Amino acid sequence: MLIGRPADIPSSDITDEGLYIRRREFMRLTGSAALAFAAGPFAAACSADGSAADAAPLMPSGQSPLTGIKEKVVTTDEKLNSFEDITSYNNFYEFGMGKDDPQRYAGRMKTSPWKVKIDGHCSKPAEYLIEDLIRPHQLEERIYRLRCVEAWSMVVPWVGIPLARILERAEPTSKATFVEFTTLHRPTEMPGVSQPVLDWPYREGLRMDEALHPLAIIAVGLYGKTLMNQNGAPLRLVVPWKYGFKSIKSIVRIQFVDRMPRTAWNVANPGEYGFYSNVNPEVDHPRWTQARERRIGEFSRRPTQMFNGSGDQVAAMYAGMDLKKYY
């Protein structure tokens, strides 16, 4: 999500670029040349309250390094938000509606073992342990701006693989025109689902061409560390040209369907949340403007970019569409 909240975070808390580069060098020296996941990186990577307590300069405590990461393939020259920013200010309503609720409560969610069911209109449906789903692929680091519909934003160095690589393994048929995603629903570990905020479990969807676009990724980490629970561990979708709620977290099912999926926020309030949810400064939320946004850690607002700055890569998918009607 591009993320911003009031300027209560000093600039000194934003990770220095030099430190970030040194971390990358450290990982190249100590990590293996090929992806070598053990079960450990997919265990819950946070303390009981979901925090990265006593973070060391290069390797926060409790975080397993992800090895064999390719050099970043999509980047921006914008300053990254710090690891602490990214993991302490989140929307994950299964753990509560407050921005700090996910960090406080997500530590109780068990992420190992973790299975993902892939089915629907495909030739090779299967249920995968996450290790088997991810291991065949080379991880990539991608620095994406993520933009939330509430007009806050952040810059995140995600680690993941193109969503298309996972979808292609199932060999979708010609009937598959959309992809539907479902989040874990485990009330004993997710206190927020006791509230009827949404029709649980959380569901999201993409049109097939959107799902196969090279910018769409399945993230398993950030800042070179295993994904934190509050950020959607052990794997989440990242679709950088859309508002953040499209990037569904803690995925347990991926289904190929032949109709536009019913998605959580669109079902809850179709007048405010459309299916496509492309970042568009010309389409305001009924209760606030989307023309400007505030980066977390900054005071002033900045203009929102169409498609979150990815228009040159994704706009062709929507040629001829009325993006105010299909918001």
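## Glycine 68

Glycine 68 sits in the loop that runs between helix H1 (17–30) and strand E1 (70–74). In this predicted model, glycine 68 is buried, since its relative accessible area is 11% and the cut-off for buried is under 20%. Glutamate 140 is 72 residues away along the chain, yet the C-alpha atoms of glycine 68 and glutamate 140 are separated by 8.8 Å.

## Overall make-up

The protein has 8 helices and 13 strands. Of its 327 residues, 57% count as buried. The accessible surface is about 13400 Å², and carbon and sulfur atoms account for 53% of that surface.

Among contacts between residues at least 6 apart in sequence, 76% join residues at least 24 apart.

## The nonpolar core

The largest nonpolar core holds 84 residues. Those that touch the most other members are Ile118, Trp158, Leu163, Phe181, Leu237, Trp241 and Phe256. Strand E5 (residues 152–162) gives the most to this core, with 7 residues.

Phenylalanine 256 has contacts with residues from several parts of the sequence list, leaving aside those up to four places away. Among them are Ile118, Asp119, Gly120, His121 and Cys122. Leu167, Ala170, Pro172, Ala176, Phe178, Val179 and Met208 are also touched by phenylalanine 256.

## Lysine 117

Lysine 117 belongs to strand E2 (residues 115–120). With a relative accessible area of 37%, lysine 117 is partly exposed. Not counting residues up to four places away in sequence, lysine 117 touches Ala126, Glu127, Val252, Arg253 and Ile254. Lysine 117 and isoleucine 251 are 134 residues apart in sequence, with a C-alpha to C-alpha distance of 9.2 Å.

## Aromatic pairs

The whole structure contains 10 aromatic pairs. One of them joins phenylalanine 83 and tyrosine 223, whose ring centres are 6.3 Å apart; the planes meet at 65°, so the pair is edge-to-face. Phenylalanine 83 is in helix H2 (residues 83–88), while tyrosine 223 is in the loop between strand E8 (217–222) and strand E9 (225–226), so the pair ties together parts 140 residues apart in sequence. Phenylalanine 83 and tyrosine 223 are both buried.

The rings of phenylalanine 245 and tyrosine 273 also pair, with centres 5.4 Å apart and planes at 90°, so this pair is edge-to-face. Phenylalanine 245 lies in the loop between strand E10 (236–238) and strand E11 (251–257), and tyrosine 273 lies in the loop between helix H7 (264–268) and strand E12 (292–295); the pair links distant parts of the chain, 28 residues apart. Phenylalanine 245 is buried at a relative accessible area of 13%, and tyrosine 273 is buried at 7%.

## Ring cluster and charges over rings

Ring pairs also join Phe178, Phe275, Tyr276, Phe307 and Tyr318 into a cluster. Phenylalanine 275, one of the cluster's members, has lysine 246 over its face, at 4.2 Å from the ring centre. Elsewhere, lysine 249 places its charged end over the ring of phenylalanine 92, 5.4 Å from the centre of that ring.

## Serine 82

Serine 82 is in the loop between E1 and H2. Its relative accessible area is 1%, so serine 82 is buried. The side chain of serine 82 reaches the backbone nitrogen of aspartate 85 at a distance of 3.0 Å.

## Backbone exceptions

Most peptide bonds are trans, and most residues other than glycine have a negative phi. Two peptide bonds described here are cis: tryptophan 200 to proline 201, with omega near 0°, and alanine 233 to proline 234, with omega near -5°. Proline 201 lies in the loop between strand E6 (178–183) and strand E7 (203–207), and proline 234 in the loop between E9 and E10.

Positive phi values occur at serine 277, near 55°, and at asparagine 308, near 60°. Serine 277 is in the loop between H7 and E12, and its relative accessibility of 3% makes it buried. Asparagine 308 is in the loop between strand E13 (302–303) and helix H8 (311–314). Asparagine 308 is likewise buried, with a relative accessible area of 2%.

Notes
Residues are numbered from 1 along each chain as its sequence is written. This is a predicted model: local features need pLDDT of at least 70, side-chain atom pairs count only at pLDDT 80 or more; totals for chains, interfaces and linings use all residues. Side-chain values use heavy atoms; hydrogens and water are left out. Helices (H or I, at least four residues) and strands (E, at least two) are DSSP runs, numbered from the N terminus. Buried means under 20% relative accessible area, exposed over 50%, partly exposed in between (1.4 Å probe, protein chains only). Contact means heavy atoms within 4.5 Å. A nonpolar core is a set of buried Ala, Val, Leu, Ile, Met, Phe, Trp, Tyr and Cys residues joined through side-chain atoms within 4.5 Å. Rings of Phe, Tyr and Trp (its six-membered ring) pair if their centres lie within 6.5 Å; planes under 30 degrees apart count as stacked, over 60 as edge-to-face and the rest as tilted. A charge sits over a ring if NZ of Lys or CZ of Arg is within 6 Å of the ring centre and within 35 degrees of the ring normal. Accessible areas come from the Shrake-Rupley method with a 1.4 Å probe; for residues, only the protein chains shown count as cover. A polar contact is a pair of N or O atoms within 3.5 Å; within protein, one must be able to donate a hydrogen and the other to accept it, and residues adjacent in sequence count only if both atoms are side-chain atoms.
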